[in-house]
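This report goes through selected local features of one model, from backbone geometry to the packing of helices. Please keep the sequence and the structure in view while reading.

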Amino acid sequence: MNLTQNVDWAVVAPPLIAAVAAVVVLVADLFLPAARRPLLGWLAAGGLALAALALLPLRDGDRTTFCLADEPALCAYTADRFAVIVQLLVLGGAFLVALLSVPETADDDVPAGEFWFLLLSSAAGAALLPAARDLATLIIALEVTTLPAYALVGLRRGSRTGPEAALKFFLTSVTATAVTLLGVSFVYAAGGSLFFADLATALPGGDPRLATLAEAGVALTLVGFAFKVAAVPFHFWVPETYVGAPLPVAGYLSVVGKAAGLAGLALVTTLAFPGYGDLWGPALGLLAGLTMTVGNVAALRTDPAAPHSAIRLLAWSSVGQAGYLLVPLAAAAYTDRGEAVGATVAYALMYAAVNLGAFAVAAQVARRLDDYRGLYARRPLTALALAFFLLCLAGLPPGVVGLFAKVAVFEAAVDAGLGVLAVVMAVNVAIALFYYLRWTALLFRPAEEPAAAPATGAAAPATGPTAPASRTVPLAGAVGLAATAALAFSGAPQLILTFVSTGLI
């Protein structure tokens, strides 16, 4: 067999540009004087913006590369509509994180060159993952996304919580990766190929003596992606990692890392293992119900007066939101898989914009919930932006996009006959309303003290009236961009229906 592969460089431009930008930033760090190193952040943000612009020629979808010469239908990389939309999500999310990180890297506590190199490298892996169409490329992309994140979590010098958070993240991730690789080896042994198109037909019609091996491989392969999504019981790393990591890194993990895991789950279930829906459908349904319940109940129990309580609430909220994101993927086993995946992508777009917006506000204000009391009196625009983000996450007007996204997910469960899961989701949405509205109400209550100080150990950003513009402008820009995206989605909620009604896979 001729293993020569054809390469269309325009198709792989988005992840390639991010990877090249990572190398450029690392080399530039060697030559720039210390006073000019803040330019590295803008160089990284420019690289991410250029990578996102490289998606424009691919917007029509269905372009492939790295195809086998003897079998051109077998390609390792496909830029279809699903891949392009998820790439836009991860690159746009990484761009917002870059804006959040510019003030973070202005201090000597975080080595700027290494930080930007790691962030861009991880973003390149996240952009590669949704376009992968074989298990080898998929696993490599997943690890390229994850490995730099370990270092990003513990990169801050002198941090007492960062190394411990990075170690917990590393150990749980390595375990999940080992289980996933074991599953991939089982799948390869049973199917004789790594390409999704081959596996979809080879596994169900393979040797009956290997049926158990194939089923075990399918189940184990899902573990690594469930870890990235932070699905229960693979979620234990989330709260401590978010608290110990620099705030922009926590936002990155909550959005870009989660999007990469969701993309991997969508690809392996609907493209590689469509014949095993009776196996992965109930498994994902169970994970979805457990994940949203554990996440929302833990968020509900968050003590507003505790240190880092705002970050812990966002961490547990992200776990709960992951449960909602898994519902359409579970439904894909029983209904039109294209529409089900479209519901997940639509919800992920909404979640990415508003969740990163909430992290951007936290970077401006404080890490403790009690410090948000009376924020509207001090900073009305910031308080209104945060209130809008929280209402979107809750699914309440004027956050119309959150309401439409939740309806789309709920409809996917009902259409698939998953009535119990739909009821569990409805109960969890009601639970989440309480803690989202509690935080929102706190913004408009009168402050008990003239100026609330951040909790001990919470590094409050210098964003007051005397803060330098180099710190305030990027944070304000991140909040503004997130709010603009959320408002645009809320002003045109039919975009959600477009994704749901048009099959992405």
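## The loop between α8 and α9

A230 is placed in the loop between α8 and α9, where helices (H or I, at least four residues) and strands (E, at least two) are DSSP runs, numbered from the N terminus. Although A230 is not a glycine, its phi is positive, at about 70 degrees. With a relative accessibility of 1%, A230 counts as buried, a term that stands for under 20% relative accessible area, whereas exposed means over 50% and partly exposed lies in between (1.4 Å probe, protein chains only). The loop that runs between α8 (211-229) and α9 (238-244) also holds P233, and the peptide bond that joins V232 and P233 is cis, with an omega of about 10 degrees.

This is a predicted model, in which local features need pLDDT of at least 70 and side-chain atom pairs count only at pLDDT 80 or more, while totals for chains, interfaces and linings use all residues. Residues are numbered from 1 along each chain as its sequence is written, and side-chain values use heavy atoms, with hydrogens and water left out.

## Other backbone features

A cis peptide bond is also found from P397 to P398, with omega near 5 degrees, and P398 has its place in the loop between α15 (380-394) and α16.

F66, which lies in strand β2 (residues 63-68), has a positive phi near 55 degrees in a residue other than glycine. The relative accessible area of F66 is 26%, so this residue is partly exposed.

## The disulfide and a buried cysteine

Which two cysteines does a disulfide join? The link is between C67 and C75, with an S to S distance of 1.9 Å, and the rule applied here takes a disulfide to be a pair of cysteine sulfur atoms within 2.5 Å. By this rule the count comes to one disulfide. The link of C67 and C75 is right-handed, with 100 degrees about the S-S bond, and both C67 and C75 are buried. C392 is buried as well, because its relative accessible area is 0%.

Two packed helices are described by the angle between their axes and the distance between the axes. Here the axes are lines fitted to C-alpha atoms, for helices over the stretch in contact, and the angles run from 0 to 180 degrees between N-to-C directions.

Helix α12 (residues 309-331) and helix α16 (residues 400-415) have axes that come within 8 Å and cross at roughly 40 degrees. The two helices α12 and α16 are therefore oblique to each other, on a scale where angles under 35 degrees count as roughly parallel, over 145 as roughly antiparallel, 65 to 115 as roughly perpendicular and the rest as oblique. The crossing in which α12 passes α16 is left-handed, which is the term used if the near helix is turned anticlockwise from the far one by less than a right angle, with right-handed used if clockwise. On the α12 side Q321, Y324, V327, P328 and A331 meet K406, V409, A412 and A413 of α16, where contact means heavy atoms within 4.5 Å. The residues of this contact of α12 with α16 divide into seven nonpolar, one polar and one charged; Ala, Val, Leu, Ile, Met, Phe, Trp, Tyr, Cys and Pro count as nonpolar, Asp, Glu, Lys and Arg as charged, and the others, Gly among them, as polar.

The crossing of α11 and α17 is left-handed. Among the residues making the contact are G285, G289, M292 and N296 of α11, together with V424, N428, I431 and F434 of α17. The residues of the contact of α11 with α17 divide into 11 nonpolar, five polar and one charged.

## A283 in α11

A283 is found in helix α11 (residues 277-300) and is partly exposed, because its relative accessible area is 34%. A283 and A330 lie 47 residues apart in sequence and 7.7 Å apart in space, C-alpha to C-alpha.
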